[in-house]
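Colleague: I'm new to reading protein models. Could you walk me through this one?

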Amino acid sequence: MRQALLDAGKTEFANYGYDGARLERIAAKVGCAKRMLYYYFGNKKDVYLAVIEQSYSDIRASEEQLNLDALEPLQALHTLARKSFDYHEHNQEFTRLVLQENFQGGEMLGQISTIDALRKAAFEPLGRILQRGVAQGLFKEGITAVDVHYLISALSSFRVDHSATWRSLLQVDLMGAALRERHQQMLQDQLTALVCKEAAAQD
C-alpha cells in the first residue's frame with residue numbers, strides 16, 4: 001500500500017506540482033481512503049518529501065546495479081550515460097517531478113533526510129571512475145564528477161523535457177526512433193571528448 005501510494009503520488013506531483021496536487025486524487029488512484037496517506041506519511045508535505053526521496057533513490061539504485069567499478073574507465077562512463085539516457089526516457093514522471101521541484105527553487109528537496117547520501121551516490125562513483133582514468137593515463141586531469149554528471153543529465157533529460165515544444169514549434173521529434181540513436185551517440189562522443197586525452201580518444 002505504501003509503495004502504491006508513492007507511485008500514485010509521483011504521478012500526481014509530476015503532473016500538478018506541489019501546490020496543484022491533491023491527496024484525494026492520490027488516494028482515489030490507489031483505491032483507498034485519504035486517511036491512509038496520513039497513516040503512512042503524515043501531511044501533504046510529508047507525502048511530497050517521500051515521493052521525491054524515493055524518486056531520486058530509484059535512479060541512483062538503477063546506477064548501482066551497473067557495477068561501474070568493474071569496468072574500464074571510459075566503458076564505465078559510457079555505460080552510465082546509456083543508463084541515464086534510457087532511464088530519463090522510460091521514467092518521464094521523474095523528469096517532470098524534477099522540473100516541478102526546480103520551479104519551487106529546490107526548497108523541498110533540501111529537506112529530505114537522505115540528501116547527503118543521495119549526493120554522494122551521484123558523485124562518488126563518477127569520482128572513482130575519473131581517478132582510475134587519470135591513474136591509467138587515459139583521462140585529462142581536472143575533470144570533475146560535477147562536470148560529467150552535468151553533461152550526462154543535460155543530454156539525457158533535455159530531449160524528454162522539451163520534446164513537446166520541439167515537436168510543435170520546430171517539427172522535430174526528439175523522442176522519435178530516428179533521432180534516438182543519433183543523440184545517444186552524441187552523448188557518448190561528448191563524454192569521450194570531455195574526459196579523454198587526445199590519444200586515448202582516438203583509440
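Modeller: Read along the sequence, the protein chain runs α-α-α-α-α-α-α-α-α-α-α. This is a predicted model, where local features need pLDDT of at least 70, side-chain atom pairs count only at pLDDT 80 or more, and totals for chains, interfaces and linings use all residues. Residues are numbered from 1 along each chain as its sequence is written, and side-chain values use heavy atoms, with hydrogens and water left out.

Colleague: How many helices and how many strands does the protein chain have?

Modeller: Helices (H or I, at least four residues) and strands (E, at least two) are DSSP runs, numbered from the N terminus. Counted that way, the secondary structure of the protein chain comes to eleven helices and zero strands.

Colleague: Is histidine 88 buried or exposed?

Modeller: Histidine 88 sits in helix H5 (residues 73-90). Apart from neighbours within four places in sequence, its contacts (heavy atoms within 4.5 Å) are Ile59, Phe94, Thr95, Ser156, Ser157 and Val160. Buried means under 20% relative accessible area, exposed over 50% and partly exposed in between, with a 1.4 Å probe and protein chains only. Histidine 88 has a relative accessible area of 7%, so this residue is buried.

Colleague: And tyrosine 39, is that one buried or exposed?

Modeller: Tyrosine 39 has its place in helix H3 (residues 35-40). Its relative accessibility is 63%, so tyrosine 39 counts as exposed.

Colleague: What separates glutamate 63 and arginine 60 in helix H4?

Modeller: These two form a salt bridge, with the closest N and O atoms 2.9 Å apart. A salt bridge is a side-chain nitrogen of Lys or Arg within 4 Å of a carboxyl oxygen of Asp or Glu. Both glutamate 63 and arginine 60 are buried. Because they are three residues apart in helix H4 (residues 44-64), the separation is about one helical turn.

Colleague: How many residues apart in sequence are the parts tied together by glutamate 89 and arginine 180?

Modeller: Glutamate 89 and arginine 180 form a salt bridge whose closest N and O atoms are 2.7 Å apart. Glutamate 89 lies in helix H5 and arginine 180 in helix H10 (residues 177-195), so the pair ties together parts whose distance in sequence is 91 residues.

Colleague: How exposed is each partner in the salt bridge of arginine 119 and aspartate 116?

Modeller: Their closest N and O atoms are 2.8 Å apart. Arginine 119 has 43% relative accessibility, and aspartate 116 has a relative accessible area of 47%. Each therefore counts as partly exposed.

Colleague: Which residues do salt bridges that share partners join into one network?

Modeller: The protein chain has eight salt bridges by this rule. Those that share partners make one network of Asp86, Glu89, Arg159 and Arg180.
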